[in-house]
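The following report describes the secondary-structure packing of a single model. Please consult the sequence and the structure alongside the text.

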Amino acid sequence: METANTLLLICGVLLVISILAGVLSNRLGAPILLTFLVVGMLAGTDGVIGLTFDDPNIAFFIGTTALLIILFDGGMRTNPQRFRVALWPAISLATIGVAITCTLVAVAAVYWFNLSWGAALLIGAILSSTDAAAVFGIFQQQGLQIKERVGATLEIESGSNDPMAVILTLTMTAAVASGTFNLWYVMLLEVLWQLLGGLLFGWLGGRLFIVAARKLPLSFSFFPLLAVASAVMIYAATALLHASGFLAVYLAGFVIGNARLPQLVHILHVQDGLAWLAQIAMFLILGLLVTPSHLVEYAPVALGIAFALIFIARPAAVFISLLPFSFPWREQVFMSWVGLRGAVPIILALFPWLSGVEQQELYFDIAFVVVMVSLIIQGWTIAPMARWLQLEVPKKAEPQQRMPLSAVPSKEALEVWLYEIDKNSPACDHNWSELKLTAPATFIGLIREGEWLQPETQPTVEEGDSLLVAATTKDISEVSRILASGGKGLTVNDKHFFGDFSLRGDLSFAELSSVYPLGPIDEKLLGKSLKNYFTEKFHRRVVIGDKATLGDVILTVREVDDAGEATFFGIKTRE
């Protein structure tokens, strides 16, 4: 009894300390995942509390469970538009990029530190994938809104590159343990089955959950639990069939998240808390597992490999993998820098430990140091790097709170939205009747200084008010465009980013040149529309934030339709 109570007390204390430390790390701009890792180290063998934990099996179980919850949550929050924009570049990075990273890291380990090719390739495989938990967590923590093509590529890559890293790690672990390598075509078939099996079982699992959600007469409170249980089951069943369980839960989450289920808002609310709990638990347990004093022995090798990974292997992998996709240099530089390593390499480094490979501490300690360096150097500088490369875009306008009307029978999901009005909101200083909404929404009233101002009083919206409306979820973007400002504390606002005026995408350059100083342009260009020019210029789907400079004028894509064509542009003169 005493042991159980002590264990519960320790777990509670560590969770509270991690959450409070996370608040401090936000103020300092530090990656919150790094904070959780450091708290675990401070509680461990060489730390303040001095807890002894050296069981890789428990660490592997907790880490795997946490990672599948994080990937499931990331999949549910991925918009299908992002797949249309970035699927193939992300797949290239998740396969070719992983192989290139593994190879270049291995070359550095062999020629700089005289490691054997088997050990070097195993280290390269362990470190070859970016970490979804690190990428999603830091983007969310920093409140970073970057160009959709870049953000979508990074998110899909980090959610789908684990199969390649896992199969490479398992293959190299077996090779180092036995001293023999599988034939290359056997490895290729294993990788293909990991990918295809993960896609198949993930899609099937997601569709089955949707059917169950629509048919089962369950209380809404049970659906978040059913979703998590389904994610665990999908992962385990897929992994037992030797396909990629991580890819399966990510895809299942994507299928579920884009099914317009009325229960989805409830699921996402619970899932958000579970994802954070998973990240805290995963990094705490990995921090506890490491013995900081043992890291000194392999520190020079680990720091050298970290340098090779961050400044050589990742940039080369990004450049080569994205050659067919015409990414601007700024986007390639940013994607090279955001090749974050998080918990996944540390978890993969447990494979040699669990397999009894010689010098098992070498792989775990190197992976741990590389992750720490990656989070400190890259994680701490993501936001400044995005702004320096001019990849940050204004935040998408959305309500501060969403309250589903799940008990109301309706063909479309109904919700009540709350908008905190500030001076940048288009609704400020107007009453409801003056707002020109392009989508149906019902005004419920204003909350001002705790008082409810009902619609019948026709109140004028003021800064500091909370505005309430009811509408269907499909109209959230149109309603938010009028009622929301995008949020407080924006580093990039619409006017600064896009300019004062908007232009239709079907406007021709001949019409534009009669008003703005475009400078000397080709006669063939005069007859083209703005949207056709951008489609030809970028050779792919256009995204919000794509820019082109003509003379003294900067054109920036402001709105994009479902076909990937620009419908509206912002225009401003060069400063």
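In strand E5, Ser466 is the bridge partner of Ile447. Strand E3 (residues 442-448) and E5 are paired in the antiparallel sense through 5 bridges, where two strands count as paired if DSSP finds at least two bridges between them. Helices (H or I, at least four residues) and strands (E, at least two) are DSSP runs, numbered from the N terminus. The model is a predicted one, in which local features need pLDDT of at least 70 and side-chain atom pairs count only at pLDDT 80 or more, whereas totals for chains, interfaces and linings use all residues. Residues are numbered from 1 along each chain as its sequence is written, and side-chain values use heavy atoms, with hydrogens and water left out.

E3 also pairs with E4, again in the antiparallel sense, over 3 bridges. Here Glu451 in E4 is the bridge partner of Arg448. The hairpin of E3 and E4 has 2 residues between the strands, and Glu449 in this hairpin takes a positive phi near 55 degrees.

These strands belong to an open sheet of 5 strands, ordered E1-E2-E5-E3-E4 with antiparallel pairing. Strand E1 (401-404) and strand E4 (451-453) form the edges, each pairing on one side only. On average, neighbouring strands of this sheet are turned by 25 degrees against each other, direction ignored. E1 and strand E2 (residues 414-420) pair in the antiparallel sense over 4 bridges, and Pro404 stands opposite Glu415 in E2. Helix H19 (residues 476-483) lies across E1, E2 and strand E5 (466-472) and runs at about 20 degrees to E2. Contact means heavy atoms within 4.5 Å. Axes are lines fitted to C-alpha atoms, for helices over the stretch in contact, and angles run from 0 to 180 degrees between N-to-C directions.

## The sheet built from E6 to E9

A further open sheet consists of 4 strands in the order E6-E9-E8-E7, with antiparallel pairing. Its edge strands are E6 and E7, each of which pairs on one side only. From one strand to the next, the twist averages 30 degrees.

Strand E6 (residues 501-504) and strand E9 (residues 566-573) run antiparallel and are joined by 4 bridges, with Phe501 opposite Ile571 in E9. Strand E8 (residues 553-560) pairs with E9 in the antiparallel sense over 7 bridges, and Ala566 in E9 is the bridge partner of Val560. The hairpin of E8 and E9 has 5 residues between the strands, and within this hairpin Gly564 takes a positive phi near 85 degrees. E7 and E8 likewise run antiparallel, joined by 4 bridges; Lys547 has Thr556 in E8 as its bridge partner. Helix H23 lies across E6, E7, E8 and E9, running at about 110 degrees to E7.

## Helix packing around H10

Helix H3 (residues 56-76) packs against helix H10 (residues 223-240) at an angle of about 115 degrees, with their axes 10 Å apart. The crossing is right-handed, the near helix being turned clockwise from the far one by less than a right angle. Thr64, Leu68 and Phe72 in H3 meet Ala227, Ala231, Val232 and Tyr235 in H10. The residues of this contact divide into 6 nonpolar, 1 polar and no charged; Ala, Val, Leu, Ile, Met, Phe, Trp, Tyr, Cys and Pro count as nonpolar, Asp, Glu, Lys and Arg as charged, and the others, Gly among them, as polar.

H10 also crosses helix H11 (residues 245-257) at roughly 145 degrees, and the axes come within 8 Å. This crossing is right-handed. Ala231, Ile234, Tyr235 and Thr238 in H10 meet Gly245, Phe246, Ala248, Val249 and Ala252 in H11. The contact comprises 7 nonpolar, 2 polar and no charged residues.

## The bend in H4

Helix H4 (residues 80-113) bends by about 65 degrees at Ala86, and a proline, Pro89, follows within four residues. The bend is the angle between axes fitted to the seven residues ending at a residue and the seven starting there. Just after H4, Asn114 takes a positive phi of about 60 degrees.

## Salt bridges

The whole structure contains 12 salt bridges, each defined as a side-chain nitrogen of Lys or Arg within 4 Å of a carboxyl oxygen of Asp or Glu. One of them joins Asp546 to Lys147, with the closest N and O atoms 2.7 Å apart. Asp546 lies in the loop between helix H23 (530-538) and strand E7 (547-550), and Lys147 in the loop between helix H6 (132-142) and helix H7 (148-160), so the pair ties together parts that are 399 residues apart in sequence.
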